[in-house]
Amino acid sequence: MEIWLSPACSKCRSAVEILDEEGARYTVRKYLEDPPGAEELRAVLRRLDLEPWDITRTQEAEAAELGLAEWERTDAARERWIAALAAHPRLIQRPIITADDGTALVGRSAEAVRDAAARTGGEELSHG
């Protein structure tokens, strides 16, 4: 499994602690340093079964600068949202955990992170 995180984010640090407690094998991706491109975002959104606006941090200053509050949340506007997330990775909700079973989730709660860990099973740790 892979966890997209920002080391400065308390929810991300908590998620890593839970994954460690659960004995989950995972790789850390500091997504602000190694941002996902549009195609990767599309793939993760499919795994999450969410739309791009569902994983957008609309309270960020960049969101206000882009005027995201005014953007349509429609199929027609979907690619515009994805392009914005690819260009401004700080807008991506965190942490996002991609589980080995092909699913993904936003690990904002301890329950969600434990759910992700259970989808893989405990093995040795890898903090790549």
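Reader: Which residues of helix 5 are buried?
Author: Ala112, Val113, Ala116 and Ala117. Buried means under 20% relative accessible area, exposed over 50%, partly exposed in between (1.4 Å probe, protein chains only). Helices (H or I, at least four residues) and strands (E, at least two) are DSSP runs, numbered from the N terminus.
Reader: Why are they on the same side of helix 5?
Author: They cover an arc of only 140 degrees around the axis, which puts them on the same side. The arc is that of the directions from the helix axis to the C-beta atoms. In general, an α-helix has 3.6 residues a turn, so residues three or four places apart point the same way.
Reader: What does the face turned away from the buried side carry?
Author: The exposed residues Glu111 and Ala118.
Reader: And what covers the buried residues of helix 5?
Author: The cover includes helix 1, strand 3 and strand 4. Contact here means heavy atoms within 4.5 Å.
Reader: Before I go on, what kind of model is this?
Author: This is a predicted model: local features need pLDDT of at least 70, side-chain atom pairs count only at pLDDT 80 or more, and totals for chains, interfaces and linings use all residues. Residues are numbered from 1 along each chain as its sequence is written, and side-chain values use heavy atoms, with hydrogens and water left out.
Reader: Now the sheet. What's the strand order?
Author: The order is 2-1-3-4, in an open sheet of 4 strands with mixed pairing. Two strands pair if DSSP finds at least two bridges between them.
Reader: Which strands stand at the edges?
Author: Strand 2 and strand 4 (104-106). Each has a single partner strand, so one side of each is left without a neighbour in the sheet.
Reader: How do strand 3 and strand 4 pair, parallel or antiparallel?
Author: Antiparallel, over 3 bridges, with strand 3 at residues 96-98. Thr98 stands opposite Ala104 in strand 4.
Reader: How many bridges join strand 1 to strand 2?
Author: 4 bridges, and the two strands run parallel. Strand 1 is residues 2-5 and strand 2 is residues 27-30. Ile3 has Val28 as its bridge partner in strand 2.
Reader: Last topic. Where does Arg25 lie?
Author: Arg25 is in the loop between helix 1 and strand 2.
Reader: How exposed is Arg25?
Author: Partly exposed, with a relative accessible area of 34%.
Reader: And what separates the C-alpha atoms of Arg25 and Gly102?
Author: 15 Å, with the two residues 77 residues apart along the chain.
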